[in-house]
Amino acid sequence: MSAALFWQLVRYGITGIGSVAIYVGLLWVIVHVSPIPEIVANAAAYGAATLINYLANFYWSLDSKRTHQEASWRFLTVVAAGLFLNSIIVGALVQAGVRVELAALAFAVLWPIISFASLKLWALR
């Protein structure tokens, strides 16, 4: 592995961990300081974290050479594919007798690898 790829992976990891922290932190703030229903707060926090994740990956982690018009729909396609794959994989594991928490953890380990490759090689190259 080249040094450039290593540091790109490090930046990608930092971006991912930061996005999760923003999502959970923002959700906590919205739920505890506003009358907004939890499900709406969850969607708002997730949307904000996804936008920040896109911008951080676009400008910093993967340093995209695409325009936002070219990259944004590709990024959202990868996000949608992640939701679809999550449903398929977690659902299949649960049907096979795996506890849902462990099935989700398995996907949480698998998805960053798939996502990094998809974003680097297609969406944000």
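Visitor: Okay, is Ala81 buried, exposed or partly exposed?

Guide: Bearing in mind that this is a predicted model, Ala81 has a relative accessibility of 33% and therefore counts as partly exposed, since that class lies between 20% and 50%.

Visitor: And where does Ala81 sit?

Guide: Ala81 is placed in helix H3, a helix that covers residues 68-95. Its C-alpha lies 15 Å from the C-alpha of Ala71, with 10 residues separating Ala81 and Ala71 in sequence.

Visitor: Switching topic: which residues have the most contacts inside the largest nonpolar core?

Guide: Those are Tyr54, Leu119 and Leu124, in a core that has 15 residues. Helices H2, H3 and H4 each supply at least two residues of this core, and the largest share, six residues, comes from H4, which spans 100-123.

Visitor: What does Tyr54 touch, leaving out residues up to four places away in sequence?

Guide: With those sequence neighbours set aside, Tyr54 touches His68, Ala71, Ser72, Phe75 and Leu124.

Visitor: One more, about the backbone: what stands out about phi at Asp63?

Guide: Asp63 has a positive phi of about 45 degrees, although Asp63 is not a glycine. Asp63 belongs to the loop between helix H2, residues 38-61, and helix H3.

Visitor: Is Asp63 buried, exposed or partly exposed?

Guide: Its relative accessible area is 41%, so Asp63 is partly exposed.

Notes. Residues numbered from 1 in each chain as written. Predicted model: local features only at pLDDT ≥ 70, side-chain atom pairs only at ≥ 80, totals over all residues. Heavy atoms only, no water. Helix = DSSP H or I, 4+ residues; strand = E, 2+ residues; numbered from the N terminus. Buried < 20%, exposed > 50% of the residue type's maximum accessible area, 1.4 Å probe, protein only. Core = buried A, V, L, I, M, F, W, Y, C linked by side-chain atoms within 4.5 Å. Contact = heavy atoms within 4.5 Å.
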